[in-house]
Amino acid sequence: MRVLVIGSGAREHALLLALSRDPQVTGLVIAPGNAGTGRLAEQRDVDITSGEAVVALARDVAADLVVIGPEVPLVLGVADAVRSAGIVCFGPSKDAARIEGSKAFAKEVMAAAGVRTASSEIIDNPGHLDAALERFGPPGGDPAWVVKDDSLAAGKGVVVTPDRDVARAHAASLLESGHPVLLESFLDGPEVSLFCVVDGATVVPLLPAQDFKRVGDGDTGPNTGGMGAYAPLPWLPDHVYRDVVTRIVEPVAAEMVRRGSPFSGLLYAGLAITANGPAVVEFNCRFGDPETQAVLALLDSPLGQLLYAAGSGTLADFGEVRWRDGAAVTVVLAAENYPGRPRVGDVIIGSEAEGVLHAGTTVRDDGATVSSGGRVLSVVGTGADLAAARSHAYRILESIRLPGSHFRSDIGLLAQESKIEL
C-alpha cells in the first residue's frame with residue numbers, strides 16, 4: 001500500500017513515522033513536508049488547499065491511500081475531490097468537517113445529540129457585544145470570559161480571561177475582521193483530548209491525552225497551537241473514558257449520519273472533566289498537534305491498515321487498537337517571540353536526534369536545517385511511566401540548539417506528581 005500524506009507539521013511527521021512501522025505500507029510520499037520528513041518519505045510539492053492538485057499528485061505517485069493532516073484542506077473539501085477520483089481518503093467530507101470549521105454548527109450537532117457542552121451565544125453584530133458580555137463571565141458567575149473565533153483559528157482564536165476589557169477587545173477585533181464571535185460559559189476541571197477513528201456510526205477510540213495551550217509554565221501567557229502533550233492519563237478513570245466514547249463521541253457520530261453528513265476520519269473531542277462529568281469544549285476534524293506525537297508513539301496496531309479501513313468503510317471489521325506499555329511525552333520547541341511573529345531563518349543544531357519531529361523547518365541551499373515557523377520541533381520521549389518519559393524528552397531537548405528558542409518545562413509534571421484530581 002502506497003500512502004500519500006498531506007501536510008508539513010510535526011503531526012504529519014509523526015504520522016509518517018507510525019505508517020513506516022506498518023508492514024503493509026510499501027511506500028510513503030509527503031507533500032509538502034519539511035526538513036525532517038524527507039528522511040522517511042518521498043517529498044513532493046502541492047497546493048494542499050486545491051482538490052484538483054492533490055488528486056493529480058495522488059495519481060502521479062499511485063497512492064492507494066491519501067491521509068489529509070491539516071484542517072484547512074478538509075474544511076475546503078479536498079477529501080471530497082480525492083474520493084470522487086476513486087482514491088481511498090482518510091479525512092472527512094467538507095460537509096462533515098464543519099464540526100471544526102463552524103463552532104455554531106458543532107453546537108447544533110451536540111444539542112441534537114444530547115451531549116453536554118458549555119452554554120454559548122453567537123455574536124455577529126458589534127452592537128450586541130456589550131449586552132452579551134454581561135450574560136457571560138464575571139461578576140458573580142463564571143470565573144472568566146471565554147471568547148472564541150467561530151471559524152478556524154489554528155488554536156489561537158480563543159481568549160479565556162477574568163478581565164472584561166481583554167475579553168471585549170478580543171471579541172471586537174474578531175468582529176471588525178468579519179468573524180462572528182462565540183461567547184461560552186466557563187467549564188471547570190482538567191482537559192482531555194480524545195481522538196477517535198470514525199467511519200459513519202463506527203467509533204474506534206485511541207488513547208486519551210492532555211495538551212498544554214498556554215505558552216508559559218504554570219499555564220501562563222497567551223494561547224498557542226499547543227506547547228506539549230502526554231499520554232495516557234494516569235488520573236483518568238477507565239469508566240470516565242468509556243463514558244466519553246458512549247455518551248459523547250458515538251452520539252455525535254450517529255447524529256452526523258442522521259443529518260446525511262456521516263463523518264469519516266479522525267474525530268477529535270476536546271473535553272473538560274467537570275464536577276458534573278465530561279463536557280465538550282470543542283470538536284476538531286483531524287489529528288491534533290501536539291497530542292498526535294505522544295499518542296502515536298505508543299501505537300502498536302498498524303496505522304496504515306487502520307486508516308485505510310476507516311477510509312474504505314470497513315472500520316467495523318478492524319477490531320480494537322493495540323498499545324505499547326508505558327507513557328509518551330511531547331515537548332514543543334518554539335521560535336523566539338512565538339506565539340507572536342516568530343524569528344525564523346536560524347540554524348538548528350541537533351534536529352536529527354531520535355525522537356525529534358519537525359514542524360517549522362526547512363533546508364537551506366547549503367544543506368543546513370533552519371527554522372521557518374513558530375513551533376519548530378516536537379521532541380517525543382517515551383518510558384515505562386510518565387516520569388521516565390518526561391526525563392527522556394527533556395534529555396533530548398538539552399542536545400538541541402536554536403537561538404532564542406523556548407519550551408515549557410512542566411509538560412506532564414502535575415500528572416507525574418499525582419496533583420490532578422477529579
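By class, ten nonpolar, six polar and five charged residues make up the lining of the second largest pocket; Ala, Val, Leu, Ile, Met, Phe, Trp, Tyr, Cys and Pro count as nonpolar, Asp, Glu, Lys and Arg as charged, and the others, Gly among them, as polar. The model is predicted: local features need pLDDT of at least 70, side-chain atom pairs count only at pLDDT 80 or more, and totals for chains, interfaces and linings use all residues. Residues are numbered from 1 along each chain as its sequence is written, and side-chain values use heavy atoms, without hydrogens and water.

Of the 21 lining residues, Leu17, Glu354, Gly355, Val356 and Leu357 lie nearest the pocket centre. Elements giving two or more residues to this lining include α1 (10-19) and α12 (386-397). A pocket is an open set of points on a 1 Å grid over the protein atoms alone, where a 1.4 Å probe fits, with protein on both sides within 12 Å along at least five of seven lines; lining residues have an atom within 4 Å of a point. Helices (H or I, at least four residues) and strands (E, at least two) are DSSP runs, numbered from the N terminus.

The domain bounds below come from an automatic or database assignment.

| Domain | Residues |
|---|---|
| domain 1 | residues 2-94 |
| domain 2 | residues 120-184 |
| domain 3 | residues 191-317 |
| domain 4 | residues 327-417 |

An open sheet of five strands has the order β3-β2-β1-β4-β5, with parallel pairing; strands pair if DSSP finds at least two bridges between them. Its edge strands are β3 (42-43) and β5 (88-90).
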